[in-house]
Amino acid sequence: MRDETSAHERDRQDPLREFRARFRLPEGVIYLDGNSLGAMPAGIGERMREVVEHEWGDHLVRGWNDANWIDLPARVAAKIARLVGAPENTVAVGDSTSVNAFKILSAALSLRPERRVILSDSNNFPTDLYIADGLARLLGQGYELRTATADDMHDAIDETVAVALLTEVDYRTGWRYDMAETTRRLHERGALAVWDLCHSAGAFPVHLEEAKADFAIGCGYKYLNGGPGAPAFLYVAQAHLPHVRPALSGWMGHQAPFAFTPDYTPAGGIARMMVGTPPILSLSSIDAALDAFEGVDMQLVRAKSQSLCDLFIAEVERRCPGLELVTPRDHQRRGSQVSFRHPEGYAIMQALIRENVIGDFRAPDILRFGMTPLYLRHADVVDAATVLERVMREKLWDRPEFHRRAKVT
Ligand SMILES: *Cc1c(COP(=O)(O)O)cnc(C)c1O
């Protein structure tokens, strides 16, 4: 009872408390999966109706000019740039994180033509590893993907490494790299740093330029709340921009797409990383979604995220001794999620979701809970821990339907 009172007190004093109204949250649901699919910002429905019925339905092809669709990717990119500490003209929006990984890795490799190694973390999100491996195989000529664990990463950086593709925050455990320090190590050895910000952008302040990152990629549908399959983003440091020649040299990255010349000349700046026709419907969704960050101080988001994580860890550890914390307790070393390990993790999560507390499960045995300070309250995480305690104590998870794996986990 005392914890609940103090949680409510913290919510009353929360400088971000007003921002929850910017989201449309289903009644009775505690949503701890904003690290997988962000909650829906309140204005999306209206904006989508306007775009579909008016801009598309009435303007038809004229929308490219009349509704300025053609500049929508750049407008969205500017909003994301602010959240990741990048100058406006260094971020491009489009494609998926996977495709952007390919685009950025191939660009990075072309800046280190004498080197053959792409270095990554063996626990990286699989698509990053698959794309790096696929690119190395496509290039042949001795290119290879090499992996190391986070503990061994600094030792694995040597003069053969052209580029490292690292995800700042581990998607399973929430463990976080020191981006500036690891980038410095890479640069010392003459290698380039690509940071995957899927679990960083919108979750806490990111300082790409300050950390001297060479490149970055990240997705639009997690902490940025852009909607399922929202367009992703990429970053190219200003100094590299004139030198990267895109492997996916599509017409939207051409200097003059509507000149329709047969020869490819890349656009002068970040626009060269664009490939094909921008997806206006999903760009409109993420554009509206990013307005939820308007006027938001990301330092406050970070402080509240840590406060939510600390509270959730304390509540779950006290109530559910069978769950093993895998997220670092050290604020410096974690992102904005809390993960626990349990051999029955999948079934436990299904039972929890049935009780309207939504987190997710990551193989082999991780229960993940994302902390999204714009729409979560301290009282929510206490309530979630209470439900989790009941699921564990009453073994609510031990029913056949909770053991059957769905296609998407
Ligand atoms: C979610 C995630 C992705 C997703 O890539 P898509 O191409 O959008 O499916 C990539 N990398 C990391 C680290 C992720 O967490």
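Which residues does Leu197 touch, not counting residues up to four places away in sequence? Leu197 touches Val84, Glu168, Met179, Val206, Leu208, Ala216, Ile217, Gly218 and Phe233, where contact means heavy atoms within 4.5 Å. This is a predicted model, in which local features need pLDDT of at least 70 and side-chain atom pairs count only at pLDDT 80 or more, while totals for chains, interfaces and linings use all residues. Residues are numbered from 1 along each chain as its sequence is written, and side-chain values use heavy atoms, with hydrogens and water left out.

**Nonpolar cores**

- A nonpolar core is a set of buried Ala, Val, Leu, Ile, Met, Phe, Trp, Tyr and Cys residues joined through side-chain atoms within 4.5 Å.
- Buried means under 20% relative accessible area, with a 1.4 Å probe and protein chains only; exposed means over 50%, and partly exposed lies in between.
- The largest nonpolar core has 60 residues, and Ile80, Val84, Leu197, Leu208 and Phe233 touch the most other members.
- Helix α4 (residues 72–84) gives this core its largest share, seven residues.
- At least three residues of this core come from each of domain 1 (2–31 + 297–403) and domain 2 (48–293); the domain bounds come from an automatic or database domain assignment.
- A second, separate core has 36 residues, including Ala347, Met349, Trp397 and Phe402.

- Helices (H or I, at least four residues) and strands (E, at least two) are DSSP runs, numbered from the N terminus.
- In strand β5 (residues 117–121), five of five residues are buried.
- Val117, Leu119 and Asp121 are buried on one side of β5, and Ile118 and Ser120 on the other.
- Two strands pair if DSSP finds at least two bridges between them.
- β5 runs parallel to strand β6 (residues 144–148), and five bridges join them; Ile118 has Leu145 in β6 as its bridge partner.
- β5 also pairs with strand β7 (residues 161–167) in the parallel sense, over four bridges, and Leu119 stands opposite Ala164 in β7.
- β5, helix α6 (residues 126–139) and β6 form a right-handed β-α-β unit: with the strands pointing away from the viewer, the path from the first strand over the helix to the second runs clockwise.

**Helix α8**

- The buried residues in helix α8 (residues 179–188) are Met179, Thr182, Thr183, Arg185 and Leu186.
- Seen down the axis of α8, its buried residues fall within an arc of 155°, so they line one face of the helix; the arc is that of the directions from the helix axis to the C-beta atoms.
- These buried residues pack against α7 (153–156), β7 and β8 (192–196).
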